Amino acid sequence: MNKKTYRRALTIAGSDPSGGAGLQADLKTFAACGCYGASAVVAVVDENTVGVTGVHPIPVDFVTGQIRSVLDDIGADAIKIGMLHSSELIRAVRHTLARYPIKNIVLDPVMVATSGDPLLEADAVATLRDELIPHVRVITPNIPEAELLLGEKIKSQESLPDAAKRLSERCGGISVLLKAGHLHDDELIDVFYNAESGQHLMLKSRRSSTVNTHGTGCTLSSAFAAFLAHGHDLDRAATLAKNYIAAAIEAGADYTIGHGHGPVHHFHAFWQ
């Protein structure tokens with residue numbers, strides 16, 4: 001008798017003890033989107049909904065060991081990469097993943113927490129941009145992250161399509177989901193530049209008035225990876241991921257949790 005198999009997704013990210021961001025958010029998202037989730041912990045972060053108190057890095061060899069342990073045994077249909085705090089770690093992750101023929105890699109270029117606390121060493125930005133990002137399939141920056149990677153300001157909704165394309169070209173021809181959440185237009189329009197087709201996709205949603213935005217970037221990138229793991233093409237995976245995060249933000253706005261930026265509702269489709 002042939003047994004069923006899971007769609008498998010691996011997150012390489014830091015740990016958030018408050019459960020709203022980092023690998024905890026990634027694993028919740030994988031589960032909600034129908035994937036078996038595994039994780040490689042790169043750092044233990046002391047944080048909650050109010051802010052980040054400290055970051056305790058895991059030794060680089062131990063991080064790469066976790067990645068190999070998962071991929072050699074379970075494997076992965078997609079990988080999500082989150083916070084990589086140092087150049088040494090970025091290079092080690094790149095070299096480790098190069099051993100495995102996994103195309104569906106989604107990287108969320110996490111540099112600053114929702115609270116405004118920095119999560120990436122200053123010299124690691126160039127390493128991330130020049131040495132790792134060109135080897136992934138998709139990146140999902142918000143506007144401040146895109147500005148750091150491009151080295152210029154992004155001032156309006158109208159400039160997002162061109163910025164996403166130029167960011168793709170700057171980073172080796174990868175696809176870019178550029179998030180518009182830091183703008184102030186009534187309608188939220190994220191822009192996905194599909195580098196494999198050369199086309200833009202406008203992903204619209206209603207802007208929610210909520211402080212519960214902790215982990216939105218982690219959640220969106222994990223959803224994107226999950227839908228790629230299911231075999232969807234880039235445009236369909238981007239659309240499904242956008243719909244998932246928009247619904248999670250809207251449902252999460254109805255809850256009070258913590259004293260700062262609360263989480264989105266990862267299981268909005270299942271909890272009544």
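How many bridges join strand S2 to strand S3, and in which sense do the two strands run? The views below take up this and other details of a predicted model, in which local features need pLDDT of at least 70, side-chain atom pairs count only at pLDDT 80 or more, and totals for chains, interfaces and linings use all residues. Residues are numbered from 1 along each chain as its sequence is written, and side-chain values use heavy atoms, with hydrogens and water left out.

**View 1. The S2-S3 hairpin.** Strand S2 (residues 36-47) and strand S3 (residues 52-57) run antiparallel, joined by five bridges. Helices (H or I, at least four residues) and strands (E, at least two) are DSSP runs, numbered from the N terminus. Four residues sit between S2 and S3 in this hairpin. Look for Val 45, whose bridge partner in S3 is Val 55.

**View 2. The open sheet.** Nine strands with mixed pairing follow the order S3-S2-S1-S4-S5-S6-S7-S8-S9. S3 and S9 are at the edges with a single partner strand each, so one side of each has no neighbour in the sheet. Two strands pair here if DSSP finds at least two bridges between them. Strand S1 (residues 8-15) pairs with S2 in the parallel sense over seven bridges, and Ile 12 has Ala 40 as its bridge partner in S2. Helix H1 lies across S1, S2 and S4, at about 160 degrees to S1. For that angle, axes are lines fitted to C-alpha atoms, for helices over the stretch in contact, and angles run from 0 to 180 degrees between N-to-C directions.

View 3. Buried residues (under 20% relative accessible area, 1.4 Å probe, protein chains only) of H4 (residues 124-132) include Val 125, Leu 128 and Leu 132. The buried residues of H4 pack, by contact (heavy atoms within 4.5 Å), against strands S4 and S5 and helices H3, H5 and H6.

View 4. The 19 residues of H8 (residues 234-252) should span 27 Å at 1.5 Å a residue, and the end C-alpha atoms are 27 Å apart, which agrees; the expected span is 1.5 Å times one less than the number of residues. At the start of H8, a side-chain oxygen of Asp 233 comes to within 3.3 Å of the backbone nitrogen of Asp 235. Among the buried residues of H8 are Leu 240, Tyr 244 and Ile 249. In the segment after H8 you will find Asp 254, which counts as exposed (over 50%) because its relative accessibility is 68%.

How values were computed. Polar contact = N/O pair within 3.5 Å; in protein donor to acceptor, adjacent residues only side chain to side chain.
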